[in-house]
Amino acid sequence: MEEIFVAYDHMLFIKEFEETELHQHMVKHLTIDLGGEMTCELNGERVVAEGYILQSYISHQRKKCSEKSIKMVFLIDESSSLAKSVDEVLGKSPYKVLKVDEVERIRKVWQEKHELLQGKENFKKQYDKMIDEIFSICGIKRKKHNVMDERIRKILTLINNEEVLPEMDTICEAVYLSK
């Protein structure tokens, strides 16, 4: 099973993850094991958890997962307002282990709402509702405008309102950028 959902401020992967190499990158994480707990190395510390929130640029590695375990992994764009809300939740900590009851509530939301995403009708509305509920459980606030840079919002609006992708000149002119 593998599903990928893409939004302006994040990507969501639902898939079976194996062990990973130690790595770091420029996105924040919200990771939930949908079937049990996982053993990880987060910022040099061994952590056993069912879910965690991780700051960007922090070294991490999944070492052991429950059998046939599906993970819900949100990769959150560092430049978004959503990332700023994650910063508020984490404070100065490099990561936060979620409480078991929080993870159970997230799993329940996923189980109840996931089926609604299968049909194309009202997909965005249903997805946004589900994601807002999941983030809320973690204390993460998702604002209407996910992209902080007004010029980027203008570009996205311009692209979304056209059937054919506008010429680069048109885009640059609309937001006062040089080519």
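**Stop 1: a pair within helix 2**

Select Glu104 and Arg107, which form a salt bridge whose closest N and O atoms are 2.6 Å apart. The structure in the viewer is a predicted model. Both residues belong to helix 2, where a spacing of three residues separates Glu104 and Arg107 by about one helical turn. An α-helix has 3.6 residues a turn, so residues three or four places apart point the same way. Colour the pair by accessibility next. Glu104 counts as partly exposed, at 41% relative accessibility, whereas Arg107 counts as buried, at 9%.

**Stop 2: helix 3**

Now select residues 123–137, which make up helix 3. This helix has 15 residues. From its first C-alpha to its last it reaches 21 Å, close to the 21 Å expected at 1.5 Å a residue.

Which residues of helix 3 are buried? They are Tyr127, Asp128, Met130, Ile131, Ile134, Phe135 and Ile137.

**Stop 3: Asp128 and its partners**

Arg142 lies in the loop between helix 3 and helix 4 (150–160), while Asp128 lies in helix 3, so the pair ties together parts that are 14 residues apart in sequence. Are Arg142 and Asp128 buried or exposed? Both are buried.

Side chains of opposite charge can pair when their charged atoms come close.

**Stop 4: the aromatic pairs**

How many aromatic pairs does the structure hold? It holds two. For one of them, select Phe5 and Tyr127, which form a stacked pair, 5.3 Å centre to centre with 25° between the planes. The pair links distant parts of the chain: Phe5 is in strand 1 and Tyr127 in helix 3, 122 residues apart. Phe5 is buried, with a relative accessible area of 9%, and Tyr127 also counts as buried, at 4% relative accessibility.

Then select Phe74 and Phe135. Their rings form a tilted pair, 5.0 Å centre to centre with 55° between the planes. Phe74 lies in strand 8 and Phe135 in helix 3, so this pair ties together parts that are 61 residues apart in sequence. Phe74 and Phe135 are both buried.

**Stop 5: a salt bridge from strand 3**

Move to Lys28 and Glu78. The structure holds 10 salt bridges, and Lys28 forms one of them with Glu78, the closest N and O atoms being 3.2 Å apart. Lys28 lies in strand 3 and Glu78 in the loop between strand 8 and helix 1, so the pair ties together parts that are 50 residues apart in sequence. Lys28 counts as buried, at 0% relative accessibility, whereas Glu78 counts as partly exposed, at 23%.

**Stop 6: His60**

Select His60, which lies in strand 7 (residues 60–65). What is the relative accessible area of His60? The value is 3%, so the residue is buried. Show the backbone as well, and find the oxygen of Ile58, which lies 2.8 Å from a polar atom of the His60 side chain. To see the surroundings, display the contacts of His60 beyond its neighbours within four places in sequence. These are Glu21, Leu22, His23, Gln24, His25, His29, Glu41, Leu42 and Leu54.

**Stop 7: a hairpin**

Finally, select residues 38–42 (strand 4) and residues 45–49 (strand 5), which pair in the antiparallel sense over five bridges. Begin at Met38, which stands opposite Ala49 in strand 5. Then follow the chain to the turn. Strand 4 and strand 5 form a hairpin with two residues between them. Asn43, in the turn, has a positive phi of about 55°. While viewing the strands from the side, recall that in a regular strand the side chains alternate between the two faces of the sheet.

How values were computed: Residues numbered from 1 in each chain as written. Predicted model: local features only at pLDDT ≥ 70, side-chain atom pairs only at ≥ 80, totals over all residues. Heavy atoms only, no water. Helix = DSSP H or I, 4+ residues; strand = E, 2+ residues; numbered from the N terminus. Expected span 1.5 Å × (residues − 1). Buried < 20%, exposed > 50% of the residue type's maximum accessible area, 1.4 Å probe, protein only. Polar contact = N/O pair within 3.5 Å; in protein donor to acceptor, adjacent residues only side chain to side chain. Contact = heavy atoms within 4.5 Å. Salt bridge = Lys/Arg side-chain N within 4 Å of Asp/Glu carboxyl O. Phe/Tyr/Trp six-rings, centres within 6.5 Å; stacked < 30°, edge-to-face > 60°. Pairing = 2+ DSSP bridges.
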